[in-house]
Amino acid sequence: MGTGVKEGVVRLRDDAEPVLPAHVSSKSDHRQVLSSLLSGALAGALAKTAVAPLDRTKIIFQVSSKRFSAKEAFRLLYFTYLHEGFLSLWRGNSATMVRVVPYAAIQFSAHEEYKRLLGSYYGFRGEALPPWPRLLAGALAGTTAASLTYPLDLVRARMAVTPKEMYSNIFHVFIRISREEGLKTLYHGFVPTVLGVIPYAGLSFFTYETLKSLHREYSGRPQPYPFERMIFGACAGLIGQSASYPLDVVRRRMQTAGVTGHQRTSIVRTMRTIVREEGVVRGLYKGLSMNWLKGPIAVGISFTTFDLMQILLRHLQS
């Protein structure tokens, strides 16, 4: 019986949105959202766990007035291992997982949805987005995720810079902050976080998607190999984190002001204090070299895991 619909197999690019019949679209959209949430959660968990010791070390230097150097950073890692044990290098990682799993799930899922919405709005439905909407989709995704999970980021920073005796677990941090500093403290540092995540997420997603698009155009292969995805993700992380790093230092100072002895002030005053006491480069870019090591690794793992999980889930669903 003729249905007027031609059956066949259509090969889609991995960043393209399939155009489906109306009766299939709703069910497919729900599956895509769920697969994006699952893939994003796994991607974030693997990436952050892999670099947790380096991330904790970076935060400790960011919130102190100590001068950063690679030698001092690795000395801190070594002494932490000697005096507190190997697993102490991952102190605060449980809080990181509580934050990063929903954060990454929301960010990746929101990015897919924003790509679809912007593609439809700009008339690029079923095609790769042009540069500016691609950048906007990443920035909106990062802002959405940061807004919904921010208190967990503050808790994680507090656990990373305090001894075990001060906070026994994640819930203890919430209880002590609410009792001793007030609930509004849970959003202290939120503004620099959002201001930083806009260029970070925007440039990260933009760079990764652009490199995949260029690879597809010049290699003739529809999909990059996993190691190529890792390289694209590493480049994306390097660019994104370098652009937003000073605001990352400012937000960490504001998040941990209650436990490090720093005065709780505004973004501008915090930045001025850092510059006055430590200088522009040594203060606002403290730990950047550590970020250049951990950032590309984490973002490379994250983007690669997400893409491969998406491909796997598509195969399983079909």
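Predicted model: local features only at pLDDT ≥ 70, side-chain atom pairs only at ≥ 80, totals over all residues.
Biologist: How are helix 4 and helix 5 oriented to each other?
Modeller: Helix 4 spans residues 131-161 and helix 5 spans residues 170-180. They pack at an angle of about 100°, with their axes 10 Å apart. Helix 4 and helix 5 are therefore roughly perpendicular.

Biologist: Which residues of helix 5 make the contact with helix 4?
Modeller: Helix 4 brings Pro151, Leu152, Leu154, Val155, Arg158 and Met159 to the contact. Facing them from helix 5 are Ile170, Val173, Phe174 and Ile177.

Biologist: How many residues of the contact of helix 4 with helix 5 are charged?
Modeller: The contact divides into 9 nonpolar residues and no polar ones. Arg158 of helix 4 takes part in the contact, and arginine counts as charged. The charged count is 1.

Biologist: How many salt bridges does the model hold?
Modeller: The rule asks for a side-chain nitrogen of Lys or Arg within 4 Å of a carboxyl oxygen of Asp or Glu. By this rule the count is 14.

Biologist: Which residues are linked in a network of salt bridges?
Modeller: The network includes two aspartates, Asp153 and Asp248.

Biologist: How many residues apart are aspartate 307 and arginine 229?
Modeller: Their side chains meet in a salt bridge at 2.7 Å, N to O. Aspartate 307 sits in helix 11 (residues 288-317) and arginine 229 in helix 7 (residues 226-255). The pair links distant parts of the chain, 78 residues apart.

Biologist: Is aspartate 307 buried or exposed?
Modeller: The cut-off for buried is under 20% relative accessible area. Aspartate 307 has 10% relative accessibility, so aspartate 307 counts as buried.

Biologist: What about arginine 229, buried or exposed?
Modeller: The cut-off is again under 20%. At 1% relative accessibility, arginine 229 counts as buried.

Biologist: Which helices hold arginine 253 and glutamate 278?
Modeller: The two side chains meet in a salt bridge (2.7 Å, N to O). The pair ties together parts 25 residues apart in sequence, because arginine 253 lies in helix 7 and glutamate 278 in helix 9 (residues 267-278).

Biologist: Glutamate 278 also meets lysine 286 in a salt bridge. Is lysine 286 buried or exposed?
Modeller: That bridge is 2.6 Å, N to O. Glutamate 278 has a relative accessible area of 14% and is buried. Lysine 286, at 3% relative accessibility, counts as buried.

Definitions and conventions
Residues numbered from 1 in each chain as written. Heavy atoms only, no water. Helix = DSSP H or I, 4+ residues; strand = E, 2+ residues; numbered from the N terminus. Buried < 20%, exposed > 50% of the residue type's maximum accessible area, 1.4 Å probe, protein only. Axes fitted to C-alpha atoms, helices over the stretch in contact; angles between N-to-C directions. Parallel < 35°, antiparallel > 145°, perpendicular 65-115°, else oblique. Contact = heavy atoms within 4.5 Å.
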